[in-house]
Amino acid sequence: MTRWSRPFLIVLLAALPASCRLREVPINGPLGCPAAPKNVILFIGDGMGEVQVEAGAYFAGRRLSFENFPSEGRLATFSANSLVTDSAASATAMATGEKVGNRVLALRIPGNGEPLPTLLEIFQTKGKLTGLVTTTFITHATPAAFAAHEPDRELYEAIFQDFLETSPTLFLGGAGTESAVTSTGALAAGYAVVTTRDELLALPLETVKIWGQFGEGHMPYEADGLGNLPHLSEMTLAAISRLASGPDGFFLMVEGGRIDHAGHDNDEGRLVREVTEFSNAVQVAENWAAGRTDTLLLVTADHETGGLEVLLDKGAGNVPEVSWSTTGHTGDPVPLYAWGQNAELVSGTLDNTDVFKIAGGCAPAP
């Protein structure tokens with residue numbers, strides 16, 4: 001199927017079910033190619049639509065950290081072959097500036113199947129350090145879209161080999177199903193492998209090349225307790241502390257991946273705690289970036305999960321009363337918040353491919 005064009009979406013709206021409609025049209029026009037900031041930190045709350053943010057804020061009893069950013073807009077999330085995207089296609093759109101089909105990781109499919117350069121790879125060619133942090137297992141779809149090129153998101157062994165070839169500076173996330181294989185391969189590739197919070201925090205700051213694989217499979221939900229595993233905010237701080245040592249800057253993608261899983265389960269109790277810890281991780285980055293003029297923070301989602309609606313705010317510390325319309329993804333637009341260099345480009349409704357441009361992925365070489 002050919003790629004959806006922006007004007008075509010407007011014609012298509014009337015035929016869509018309510019759960020798939022874009023709530024605000026038309027999508028903004030082309031952004032051009034702004035200069036790349038020295039440092040770019042992209043936060044992706046997997047499955048975190050506008051209502052998930054609302055629910056998290058009610059539970060926290062305050063606005064979430066990123067709700068106070070100076071610029072805010074929305075992203076359309078449709079993929080190349082569906083109005084309802086999956087994480088692989090949406091993360092690829094943000095990572096490469098190109099639409100692909102669902103399940104595809106940074107390959108031109110539909111098309112000739114050639115690899116699409118990602119933000120992480122482009123910034124590496126400019127001398128920047130790079131990192132991927134997630135609460136899912138490390139080879140899951142969203143981080144994979146930034147450092148792998150595969151036709152299907154479940155080709156985990158091939159994704160891991162792509163990771164070793166792409167060689168980002170650090171990975172922090174869940175252990176996955178092949179933890180023995182990945183730890184052995186990561187050690188052989190020169191990464192310091194850590195498996196607990198204590199091991200991560202004990203690493204000297206000069207240890208930059210890190211492979212952190214925590215727990216079994218995905219990391220535990222915040223609501224279930226993490227034991228001796230790091231919170232997303234702690235992984236974010238550990239990553240920034242190392243990557244900031246690079247003289248040419250860095251690129252870091254941080255995913256709150258279990259927001260999506262709670263949405264699939266229609267579990268609002270787990271969801272709001274994942275959203276608030278995601279907000280804590282963003283606050284860590286904002287604290288580090290305070291006073292800088294060479295850094296961009298972006299906070300968004302790959303798609304909305306669950307068709308969530310808040311029915312009643314029950315006050316701080318209490319899970320709001322909600323309703324769900326599905327256990328799957330929807331085509332609702334997702335929020336985009338921006339702070340720092342290029343933040344002024346964020347307003348109205350953009351396409352998820354515009355994240356690539358705002359981050360400086362298409363900027364000409366200086």
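Colleague: Are lysine 99 and aspartate 351 buried or exposed?

Modeller: In this predicted model, lysine 99 and aspartate 351 are both buried. The term applies because the relative accessible area of each falls under 20%.

Colleague: What makes lysine 99 and aspartate 351 a salt bridge?

Modeller: The closest N and O atoms of lysine 99 and aspartate 351 are 3.2 Å apart. The cut-off is 4 Å, so the pair qualifies.

Colleague: Why is the pair of lysine 99 and aspartate 351 said to tie together parts of the sequence?

Modeller: Lysine 99 sits in the loop between helix H3 (87-96) and helix H4 (119-125), whereas aspartate 351 belongs to strand S14 (residues 349-351); the pair therefore ties together parts that are 252 residues apart in sequence.

Colleague: Why is arginine 103 called partly exposed?

Modeller: Its relative accessibility is 33%. Aspartate 152, at 24%, is partly exposed by the same rule.

Colleague: What makes glutamate 234 buried, and how is arginine 197 classed?

Modeller: Glutamate 234 has a relative accessible area of 19%, and because buried means under 20%, glutamate 234 is buried. Arginine 197 has 28% and counts as partly exposed. The side chains of these two residues meet in a salt bridge at 2.7 Å, N to O. Arginine 197 is in helix H8 (residues 197-202) and glutamate 234 in helix H9 (residues 232-243), 37 residues apart.

Colleague: How many salt bridges does the rule give, and which residues are linked in a network?

Modeller: The count comes to twelve. Glu98, Arg108 and Glu114 are linked in a network of salt bridges.

Colleague: Why is the link of cysteine 33 and cysteine 362 called a disulfide?

Modeller: Their sulfur atoms are 2.4 Å apart; the limit is 2.5 Å, so the pair is a disulfide. A search of the whole structure finds one disulfide. Cysteine 33 lies in the loop between helix H1 (6-12) and strand S1 (39-45), and cysteine 362 in the segment after helix H12 (354-358), 329 residues apart. The link is left-handed, with -120° about the S-S bond.

Colleague: What makes cysteine 33 partly exposed?

Modeller: Its relative accessible area is 44%, which is not over 50%, so cysteine 33 is not classed as exposed. Cysteine 362, with 25%, is also partly exposed.

Notes. Residues are numbered from 1 along each chain as its sequence is written. This is a predicted model: local features need pLDDT of at least 70, side-chain atom pairs count only at pLDDT 80 or more; totals for chains, interfaces and linings use all residues. Side-chain values use heavy atoms; hydrogens and water are left out. Helices (H or I, at least four residues) and strands (E, at least two) are DSSP runs, numbered from the N terminus. Buried means under 20% relative accessible area, exposed over 50%, partly exposed in between (1.4 Å probe, protein chains only).
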